[in-house]
Amino acid sequence: MSALFSRLGDVLRDCVFWGQPRSGSRALAYLALTLAVAAGLAPRSFRIDEPMHVDSHAVLSLDLAMSWALCGQPYHASVRNVAFQFVAADSLRSLPMRQVVERLSGSVARYCAQLTPASNNENALMLLEAAILRIHPDISLAQMGSVLHAIRIVALLGFVLLILELGGSLLLALGTVLAGLGLLVWLRAALFAQYPFLFEIALVGATLYGFAWHRRWAESATGAVLVAVVAGLLSAFMLNLRTSYTPIVLAQFAGFVTLACCSRFAGHGISRRRRAVLLVAGFAVAVGAFHYTLIARHFPEAAAHGQHHSISHPLVLALAAPPNALSQELGISWLDAVGAEKALSVDPEAEYLGPRYDAALLRYYTSLWRSRPLEMLDVYRLKFASVGPDMITALRTTTLFSGLPASALLAPLSWLPSGLWLLAVYLAIAGATLIHLVRSGSATAFVALLLSTAAVLAQAEAGVIYSLWVPNYHGYLAFAAIFLSLVGAQIGMNRLPVVWSRMRSWWLVEAARREVQLFLGLSPPRPFALSRLLGQLVVLAVLAGLTMPAGLRGIERTLTADRQAAAAVDVALCWALCGLGPARHPEIPVASAAVLGRDRQLAPLRALAIDQAGSVGAYCAAAGDRLSHGGALVAVQALLLHVRPGLTPAGLGKSLHYLRLGAILTAGAILVALGFSPAFVYAATYANLWVLAELGGHLFASEAFAPVLLLLSVVLCGWAAVGGCWRTNGLAAGFGAIAGGWFTGLLLTVPGVAWPLSALLAVTAFRLASACVPAARASRAWSMAAAAAGTGVIVATAAWLAGLPGEIPEPLATQLPSALERMIFAGAAGAAVVVGWRWQRRSAAALPFVAACLAVAVAAIPIGPLTTGGVPLVDGMIGTMMLSLFALLALQEAAGKLVKE
C-alpha cells in the first residue's frame, strides 16, 4: 500500500511540477494521458471538416500536386484548373480526386494531355500533397484535409513529448496541446493552405535539436551525419514552406552546432572540429539535394527566379500596415497592384513577379531610406509598436482554447503598452535562457533558447513586414505568447515549495498553516465549545455571503401556483389576523389571488385581505369550520405574519427561504463542532444551497423544507449520539420524547416522502445511541425504551392520519398503507446497517450519514406518484443533498489518510 501511495504521489507531483528528465516510456505514457484529457476537453479539435476556400497559392499547389501525382509531370497545371473546382463545388470534396479529374476531363489520360507548364513559389505544401496522393491515389479532398490536420497534430505532439521527457508537468503539456489545437481550429479556414504549418516550423526545429542534444545523438560520426541530414531535409522543407522564416530555421541550426561543437558541455565522442564539419556539410548537402531534386531540376526555366517568395514585394507593401502619413502620401497600400506600379516606376521592364521585379522594388525601397530616413524611422517605430497588443486581446477573448484560462494566463502580457515592450520581453527571456544554458548546458534551457529566439525573430519579422494582427501570418507569435506564459506559470509553481519552506519559520505563517490544516480536516478536531460553535456559524455565513453566487444566497421568485401552498398561507393569514387557530379555514382566498398578478406580490397580505373582504372583521367572519392540513409550516407562517403585520407575499417567501438558509448554516456549524472539517462543511453547505435554489420555485410549499429538515435531523441525532446527551435515564427518556415530537412535526409539515425518511432516521439514531454510545449511568433498557417511545409516537401519528382519509390531502391518504410497510422494513434494515458500520468503522459521527443514505435508498422505492398540488417530487433533491454529504465525508477521510501516509 505504501508503494502505491508513493507512486501516486510521484504522479501527482508530475502533474503539477517540472521535475527531473524522464524515460522515453514514461514520457510516452504521460503523452497518452495528456492526449486523452485533451480529447475529453476539446474533442472537436482533432477533426476539422472545412471546405476549400479561395487561396491562390493553396489552389495552385493542389493543382500542381495532382498533375505530379496522377501524371508524373511536375510543375504542370491543368488547363481547366481542376483544383479550383473544389472551391466552386463543395459537393466534390467527398469524391475521390481521381474520380473528379475523370468527371471533369473525361479520363486521367486526357487530363494529363491538357497540362501546361506552371510555377509557384514556396512549394513545400505542393510536395506534401503530391506525396499524399502518391501514397493514396483515391483520396478525396476531405480526406486530404484530415491528413494535413493529422500531420500538424503529430508535429505538435512531438514537441509535447520532448517537454514531458525533459521533465515538464502534465499541466504544462496539456496547456501546450490545447493551445496548439486551438490555433489549428482558429486557422481552420486555411486548412488546405500553408498557414497552419507556420507556427509549427519553430516547434519542429526545437523538437529535433532538443532530442538530439538531450540524447546526445551527434556524439558519434554516424549520429552527427544522421542529425545533419534530417535537419537539412526538414529545414529545406520549412524554407520552401515560408521564405520569411529562413532566419528562424538557420538560427536554430546554428545554435545546435555551436552548442554541440563549441561549448564546454560538448560530448566526448569524435573531435569537436570533425563534428562541426560533419554537421555543417551534411546539413548543406541535404538542403541542396532537397532543393535540386524536388524543385530546381523540374522547375520551368522561364520561371526559375520565382522558386521562393518575393522579399521586396511585401517589404514595400508593408509600409502601409498600419496606415500612416507616409504611405498615404506615396499611395502605398497592401495590394499586389501597388507593387507592380512601384516596380514599373523604377524599371519599365520590371513586369509583375518577373526576373527584374525584386531588384526594381528593392531599389525603390532603398531610395525611400535615402530620401526620407526620419519618416521611414517613424513608420517602423509605429509598426513595431503595433505588433502584439491586438493579438493578446484577441487571444484573451477567444473561446477556442477549451480548458485553457487564456485570459488570466496572458494578463501580464496585456499590461505591456506596445509591441516594442513585447519584443523586449522576448529578448529578456532569450538572454536569461542563454545565461542558464552557458552555466548548466541543460536541454531544457536549450529548447527554451530556441523558442524564445524564434519569438524574437518572428516579432521582428512581423514588425518589418505585416504589423497588423492576422492569425494566418502570426500563428507562431500567438503560440509563443501562450507557451511562454505557461512556462512562466510553471516556473512560479516550481518556486512555491521553496518560498513556502523559507516562510514556514515565521510564526504567523506557521499559525496560518495550522489553521489551514484544521480547515481542510488534516489535523485532529478541537474539543467542542459553544463559543466555537457560534464562531463557525459566523464564519460559514461570511463565506457564503462572499463566495457563493447571489442566486444561491438570496431568492427572488413569485408565489408558485400551488393550491395547497396557497391554502396554507391563507390559513396562516387568518390565524394571524383573527387568532382563530389552524382549525378555521378562510373562505376568501387572499394568497391564491396574489398568484394572479405580480403587482400583488409587493402588497401587504393584510391589505389584500381588507381589499377583498372590506374589513378585517368581514374577513374573519367568513372563516369556515373545517380541518386544514398544513402542519408546523402554517404555525411558522402565522408567527411571521403576527410579528410583521405588513409582510408581503414576496417578503413572506424570502423569510421562509432565510429560515431554510439558517437551518443549513446551523447544521454546518454543528458538524464542525462534531469534528468535521470546515472545508467539508463549506462544500456541503454549497451543495445544500444549490438544492434550495433548485426548489426556489416552491417557496411556500412544505416539500421545499424536506431536504433542510432532514439534514438538520441527521445532524442533531449525530450530535446527540457523539456528545452523549443522555447520561441518566431521565435524559434518555426526555431525548426520546423530544425526538418523537420533532419527527412528528416533520411528518405533519412534510407529507409524502419525508415521513418514512423521518421514521427511519429516528430508529437508526436511537439504535446508535443505545447500542453504540452507552452512557455512564444510563441503562441500555431505558435507552431502548426511549427509542421505542419515540418511534411509537411516529407510528401512532401515522395511524391516526391513516384513519382520516377525508380530512388530509388525498396523495398522503392513498400512500399511508404502503408507506407503513416500508417504514417497518426501513427500521430493521437501518439497525442492521448501523451496527455493521459501527463495528467496522467505529466512527459515531459518521453513522447518521450512513443512515441518511439508506433512508434515501428506501424512500426511492416507487409507491406511486408523490406530487401534491403540482409540487414536483423532492426525492431527487433529498438524495442529492444526502449523497453529496456522504461523498464529501469519504473524500475528507481519504485526504486525511493520504496526508497521514
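At what angle do the axes of helix α11 and helix α13 cross, and within what distance do they come? I noted first that this is a predicted model, in which local features need pLDDT of at least 70 and side-chain atom pairs pLDDT 80 or more, while totals for chains, interfaces and linings use all residues. Residues are numbered from 1 along each chain as its sequence is written, and side-chain values use heavy atoms, with hydrogens and water left out.

Entry on the helix pair. I found that the axes of α11 (residues 221-239) and α13 (residues 272-296) come within 7 Å and cross at roughly 35°, the axes being lines fitted to C-alpha atoms over the stretch in contact, with angles from 0 to 180 degrees between N-to-C directions. Helices here are DSSP runs of H or I with at least four residues, numbered from the N terminus. The contact (heavy atoms within 4.5 Å) includes Ala224 and Leu233 of α11 and Leu278 and Phe283 of α13.

Entry on the rings. I looked up Tyr209 and Phe253, whose ring centres are 6.4 Å apart with planes at 50°, so the pair is tilted; rings of Phe, Tyr and Trp (its six-membered ring) pair if their centres lie within 6.5 Å, and planes under 30 degrees apart are stacked, over 60 edge-to-face and the rest tilted. Tyr209 lies in α10 and Phe253 in α12, so the pair ties together parts 44 residues apart in sequence. Tyr209 also forms a stacked pair with Phe256, at 5.4 Å centre to centre and 25° between the planes. Ring pairs link Tyr209, Phe253, Phe256, Phe283 and Phe446 into a cluster.

Key: Helices (H or I, at least four residues) and strands (E, at least two) are DSSP runs, numbered from the N terminus.
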